[in-house]
Every structure is written in C-alpha cells, then in structure tokens.
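The sequence and the model are shown first, and the description follows.

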Amino acid sequence: MAETPDVVQTVQQGYAFEGPAIELGALLVDGTPNTEAAVRIPLSMVNRHGLVAGATGTGKTKTLQLMAEQLSAAGVAVFAADIKGDLSGVSQPGESSEKLLARTRTIGQEWTATGFPTEFYALGGQGAGVPIRATITSFGPVLLSKVLGLNDVQESSLGLIFHYADKQGLTLLDLKDLRAVITHLTSDEGKGDLKELGGLSAATAGVILRSLIGFADQGAEAFFGEPEFDTADLLQQRDGKGVISLLELPNLQDRPALFSTFLMWLLADLFHDLPEVGDVDKPKLVFFFDEAHLLFNDASKAFLDSIAQTVRLIRSKGVGVFFVTQTPKDVPDDVLAQLGSRVQHQLRAHTPNDAKALKATVSTFPNSSYDLGEVLTQLGIGEAVVTVMNEKGAPTPVAWTRLRAPQSLMAPASAEQLTATVAASPNNAKYTEVVDRESAYEKLAAKVQAGAEQAEAEAQAEQPQAEAPKPRAQKQEKSVVQQVIGSSAFKQFARSAGREIVRGLFGAARRKR
Ligand SMILES: Nc1ncnc2c1ncn2[C@@H]1O[C@H](COP(=O)(O)OP(=O)(O)OP(=O)(O)O)[C@@H](O)[C@H]1O
Ligand SMILES: [Mg+2]
C-alpha cells in the first residue's frame, strides 16, 4: 500500500495552517486514524469553493452537515438545500451512542451534542417552511427558460420579451404578468410592437405562451410574485453563530429544473446585492448546492456560462459555494476548475459506466502517492479522499480521511420541531402573506377594457351618421403599451419605482435598494 509514514508527515505539514479552519477529520493510515494528522480547510479559503462527491449513501450529506455546523459556530451563515429532509436535524442536538463515540474517539474529536440556529424555507410556501418567492422580473429570462425547457431560439425570444417589458415599464411580478405581455404582443393591438422588437416571431411567442400556461397549470404560480425573498435574510447571525438556512425540498423529483434554477437565482441575487470584499478571514456565507447535477443537466450554453461566471465572481463577495453531487464529472470543467476544496467519498465500480466515471474522477485529482482508482472504491462510509486549497492558494496533499461526526441530529427533525421553528421565525410574518400589486397584467387588462369601451362608444356615436367612417390611421395610433406609458398614472408609478432595470447575471434584474 502507498500509506507509508511519509504520508503522515506530508499531511501534517500540508494541513498545518495558522488561523481557524473547518476540521474535516483525521488521516487514515492502513485503516487506522492518525489523530496527529488532521485534515482541514482554512476558513479563509472556503470562498474558493469546493465539491463534495460520492455514490449514494457514502456520507455526502453528513459531510455537508458537519461543515455547516462548524461554519455556524465560527459565525458564518450557511445556506443549503435540504433535499431529503435529513439535514433538518442540524437544528437539534445529536444523539450519542456507543458506536458514535467509538468513531469520534479514534479520530480525536471531542463530541458534544449541539443544535444550531436554523431557518426553514419552502419554495412558494409548499411544505414546512417560510415561503420563498421571486418576481418574474428578477428571476429573469435565462433562468425561466431553463425551467420551461426552452431551446436557444426561444430563450433569446424570451429575452426580447423581458427587454420589451422592462423598456415599457410593464412590471413582471408573476406568471400572469408575463402571459399578459406575450398575449398583448401577439394580439392585433401589439403586432406593431412585436414587429419593432425584431427577432421575435409571433409563432415563437405563441410557443412560449403555451409553455407558460402549462407551467402555471402545474401549480407554478405559487413560486412567483411578491413579497419577494430578500436574500440578505440568508446572512443572519444569532448569538454569534451563523444561521443555517435550509430550503426544504422534499419533492424535488417533481420539479428538478425549477428547484435547481431557484437555487441559482438565490446565488445570482446575492451576487447583485453584496458588496465586493476581496480576500476575507472567513466567508460571509457558504452556499451548499446539493444534487448539483440537476442544475447542469440539459442546460443551455448561456446558462452554463452564467453559472461559471457567478461562481467565479461571487468569491470576492465573501461567498463560498460547495457543489454536492455523485461525481466531479457532473460539473462542467470551467466550474470544476474553480472548486478549490474536494471531499470525494466512495465511488462504485460495478458497471463499465462506473469505471469510466471513476477514471475521470481520478484524473481530476492532483498527483499523490495513492492509487486513487483503488482507494476511491475502498473508502468506508463517512470516509473520503480530500484535497483542499491551502492558505497560500495551493492544493494540499491528497489525504484518505475519516470524517468527523456531526454533533447535531443525523436524522430529520420532527414535524413538530419544524413547525415550531417556522412559527417562531421573524421571517414568517414578512413572507407568508401574498400581495398582488398593480403590474403588467392589471395595466394591460385595464387598457384593453378601456379600449373596448371607447371603441364601443365611438361605434355608437358613429352609428346614426351614414358617412364613410374615418380611415383608421394605423401607424399613428399609439399601441396600448405606449398609451400606458404615456398616461400620467404610469409616469407617476415609474417615478416612484425610481430606477431603470439593470439586468446582470442570468439576465436577473437587480431591483432592491
Ligand atoms: N461523518 C459521519 N459520521 C458518522 N456517520 C456517518 C458519517 N457519514 C456518514 N455516516 C453514516 O452513513 C449514513 C449515510 O450518509 P449520508 O446520508 O451522508 O450519505 P449520502 O452520500 O448523502 O447519501 P445519498 O446520496 O443517499 O443522499 C448516515 O446516515 C450515517 O449513518
Ligand atoms: Mg445525501
């Protein structure tokens, strides 16, 4: 075997950072933990991102849990998607057992049952959690295209529709606003505007409209609208500990595209709002992206580029992103290249496909004295091959590690505990009540209504006269939208809204502050 005493020395030196660190566990040498050789990630490098990978049931979620605990203890806020509900236990003290203590003793971990301050969120309020909603305008066309499964042409067409709505001051808060704008553009009234836009065909607009209708029929209205979630709420501390925000996603399989894009929206929104901080002693927030393959599957080039860009830029805002998925090959190369820390749990090698994934995984690791192809299939549960970025930005030696055990509950919190936490959350009052203020739908509907009444009045007035009707000067007639924008009520609104919409990453709008 490759584990000679040299490995101990190499790991000791390689992981001897000054300053605080996330303690991952102890080096294993011939199956025995060496408590002298601790494997850790410097807190100052957590914003250089990371990857937690491994086959199902090998310990990924527990790794995420133990990292979240230590970050919270260090005052760093944490966001994680709780896909199977098994992370909710982080809010409760863990349960001690002989087996657990045997594990923690051998790796030199002093284990104390501890729960951590936790907030539970649920998309659109569907499930136990404070509702998270986004407005359509801030969600933007790129993310929405991903959710709807639009192709590249349709995606850029949707971009034009957003551009049009932005320019015309037609606020897109919910799905019906967007539908109203598209309906308008494909109506007789809006034809002129459609033409002016250029590059948007009525046929494509129709396809997008139909896909929006289907989306709404599946109950998606609940996810969009106001009050919109303020991602600053993810940055809280309580009694010096970072709050762990968990997005409860028990039914992920029902809407994988929606859920994964929503996570990306949160990240893009944070990016827009947070100030540049450069290098930091510790991050402000660490964002765990579980089941990350869902995000990358079938993604457009624009979408993938936006992810890579977000990940690249958000680090200087003090946010670390950890992707959690089965193999590194689930992550596109230009994102993978930016992930400084790697915790790789066991991989299986049963099928030819497994063998291929294994080989590919090995190729993404720095050189080491291990035969990684062997080691990766031999790792026990709760063990991993680790390499992180040291405080100088260089990769640490690859280390076969037995991970620490979480100090919080390794099982889901009970339904009562969840409900009580949600009820006690200050955010609950802020986000529970849906508001539906005037936006594109109402404005266009009002105009259509007014237009119809006027036409009717004109028709009645004209009736007695036998003269030829006045030729309708199509070109000079203002479109509904132009009328809306010209109206004093609208100008008033635009002034109160007070700023132009700036679209950034993913075409997501920055609208706060
Ligand atoms: N660090 C650890 N300390 C103690 N026990 C652990 C640890 N990691 C994993 N285990 C044990 O292994 C089980 C499976 O771990 P975990 O749920 O983290 O796997 P996973 O990789 O997230 O699986 P899945 O892909 O199914 O989500 C845990 O329930 C726990 O009993
Ligand atoms: Mg898991």
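Is F229 buried or exposed, and what is its relative accessible area?

## A buried aromatic residue

The model is predicted. In it, F229 has a relative accessible area of 0% and is therefore buried, since the term applies under 20%. Y431 is buried as well, with a relative accessible area of 1%.

## Aromatic pairs

A pair of aromatic rings is described by the distance of the centres and the angle of the planes. The whole structure contains 13 aromatic pairs. One of them joins F139 and F224 in an edge-to-face arrangement, with 5.2 Å from centre to centre and 80° between the planes. F139 belongs to helix 4, whereas F224 lies in the loop between helix 8 and strand 7, 85 residues apart. Both residues are buried.

The ring centres of F229 and Y431 lie 5.2 Å apart and their planes meet at 45°, so this pair is tilted. Because F229 is in the loop between helix 8 and strand 7 and Y431 is in helix 16, the pair ties together parts 202 residues apart in sequence.

## Cluster and charges over rings

F79, F287, F289, F296 and F323 make up one aromatic cluster. The charged end of K317 sits over the ring of F271, 4.1 Å from its centre. Likewise, the charged end of K241 sits over the ring of F116, 4.9 Å from its centre.

## Surroundings of ligand 1

The shell around ligand 1 comprises 5 nonpolar, 6 polar and 5 charged residues. Helix 2 (residues 60-73) contributes the most, with 3 residues. An oxygen atom of ligand 1 lies 2.7 Å from a side-chain N or O atom of T61. Taken alone, ligand 1 exposes 630 Å², of which the protein buries 76%.

Key. Residues are numbered from 1 along each chain as its sequence is written. Chains are lettered from A and ligands numbered from 1 in the order in which they are written. This is a predicted model: local features need pLDDT of at least 70, side-chain atom pairs count only at pLDDT 80 or more; totals for chains, interfaces and linings use all residues. Side-chain values use heavy atoms; hydrogens and water are left out. A polar contact is a pair of N or O atoms within 3.5 Å; within protein, one must be able to donate a hydrogen and the other to accept it, and residues adjacent in sequence count only if both atoms are side-chain atoms. Accessible areas come from the Shrake-Rupley method with a 1.4 Å probe; for residues, only the protein chains shown count as cover. Helices (H or I, at least four residues) and strands (E, at least two) are DSSP runs, numbered from the N terminus. Ala, Val, Leu, Ile, Met, Phe, Trp, Tyr, Cys and Pro count as nonpolar, Asp, Glu, Lys and Arg as charged, and the others, Gly among them, as polar. Rings of Phe, Tyr and Trp (its six-membered ring) pair if their centres lie within 6.5 Å; planes under 30 degrees apart count as stacked, over 60 as edge-to-face and the rest as tilted. Buried means under 20% relative accessible area, exposed over 50%, partly exposed in between (1.4 Å probe, protein chains only). A charge sits over a ring if NZ of Lys or CZ of Arg is within 6 Å of the ring centre and within 35 degrees of the ring normal.
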